[in-house]
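These are my notebook entries on one structure, kept in the order in which I looked things up. The sequence and the coordinates come first, and the entries follow.

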Amino acid sequence: RVRVRGVTIHRPIIYGNTATVLSPAERETCPFPDHTHRWTVAIRSAASAPDSDIVGGADDLGYFIKRVTFKLHDTYANPTRNFDKPPFELSETGWGEFEIQIRIHFVAESGEKPITLYHHLKLHPWSLTFPTPGTDPEIPSPENAAKMGPVHSWQYDEIVFTDPFQSFLNLLTAH
Ligand code: SLL
């Protein structure tokens, strides 16, 4: 196989999470009484035209990504969660924020090593009130947080391939 020297090709992505406060009814049916939020972590293409979802376009990463592994906090049962096709996203409930490790495995014919991204799961909106100057903003009460609506925390990035194999370059540019 031939590497194409001097070529870099990138694919834009967004990754991050949304979170909402569980309603009282949802808390009733949730098997974990201490869980306060439902959240979704995802990696999506930033290349395609946005559809109805404000945080990303169609889930068209599958042609070059083989698997995405989300590694959750050890308080979760089976914290390592694999997704072998799009959408590369995971929904859970919980009570706390933590760092999620997102490991991206590329299709075998790419010859590329997996890469790892980190996302701090964000559940709480910024408080609009700073009760005492000089102190940290407080986490709003569940009632106030629910009124403030879903929390979004997303970041843009680009996956960069340097000196790709000719066949992988062909695959990427065919899309
Ligand atoms: C903290 N650093 O101590 C964080 C850890 C862990 C969050 C937060 C639920 C786990 C489960 C959950 O939300 N863990 O019950 O499955 O604040």
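**Entry 1: elements and conventions**

I took helices (H or I, at least four residues) and strands (E, at least two) as DSSP runs, numbered from the N terminus. On that basis I find 3 helices and 8 strands in the protein, and from the N terminus on they run β-α-β-β-β-β-β-β-α-β-α.

I note for myself that this is a predicted model, in which local features need pLDDT of at least 70 and side-chain atom pairs count only at pLDDT 80 or more, while totals for chains, interfaces and linings use all residues. Residues are numbered from 1 along each chain as its sequence is written, and side-chain values use heavy atoms, with hydrogens and water left out.

**Entry 2: totals for the protein**

I looked up burial with a 1.4 Å probe on protein chains only, calling a residue buried under 20% relative accessible area, exposed over 50% and partly exposed in between. Of the 175 residues in the protein, 39% are buried. For contacts, meaning heavy atoms within 4.5 Å, I find that among those with a separation of 6 or more, 66% are between residues 24 or more positions apart.

**Entry 3: the sheet that holds β3**

Here I counted two strands as paired if DSSP finds at least two bridges between them. Four strands make an open sheet in the order β4-β3-β6-β7, and the pairing is antiparallel. The edges are β4 (80-83) and β7 (115-120), each of which has a single partner strand, so one side of each is left without a neighbour in the sheet.

I followed F70 to both sides: its bridge partner in β6 is I102, and in β4 it stands opposite R81. For K71, the residue opposite in β6 is Q101.

I then asked which residues of α3 are buried, and found F168, L169 and L172. Seen down the axis of α3, with the arc taken from the directions from the helix axis to the C-beta atoms, the buried residues fall within an arc of 100°, so they line one face of the helix. These buried residues pack against β1 and β8.

T93 lies in strand β5 and is buried, with a relative accessible area of 11%. Not counting residues up to four places away in sequence, T93 touches L22, C30, H35, H37, R38, W39 and Y76. I checked polar contacts as pairs of N or O atoms within 3.5 Å; within protein, one atom must be able to donate a hydrogen and the other to accept it, and residues adjacent in sequence count only if both atoms are side-chain atoms. The side chains of T93 and H35 are joined by such a contact of 2.7 Å.

P87 belongs to the loop between β4 and β5, and at a relative accessible area of 38% it is partly exposed. C-alpha to C-alpha, P87 and K122 are 20 Å apart in space, and they are 35 residues apart in sequence.

**Entry 4: the ligand**

Which residues surround the ligand? Counting a residue as near if one of its heavy atoms lies within 4 Å, I list H35, H73, T75, Y76, G94, W95, G96, E97 and F98. A polar side-chain atom of T75 lies 2.9 Å from a nitrogen atom of the ligand. On the backbone, a polar atom of W95 is 2.7 Å from an oxygen atom of the ligand, and a polar backbone atom of G96 is 3.1 Å from an oxygen atom of the ligand.
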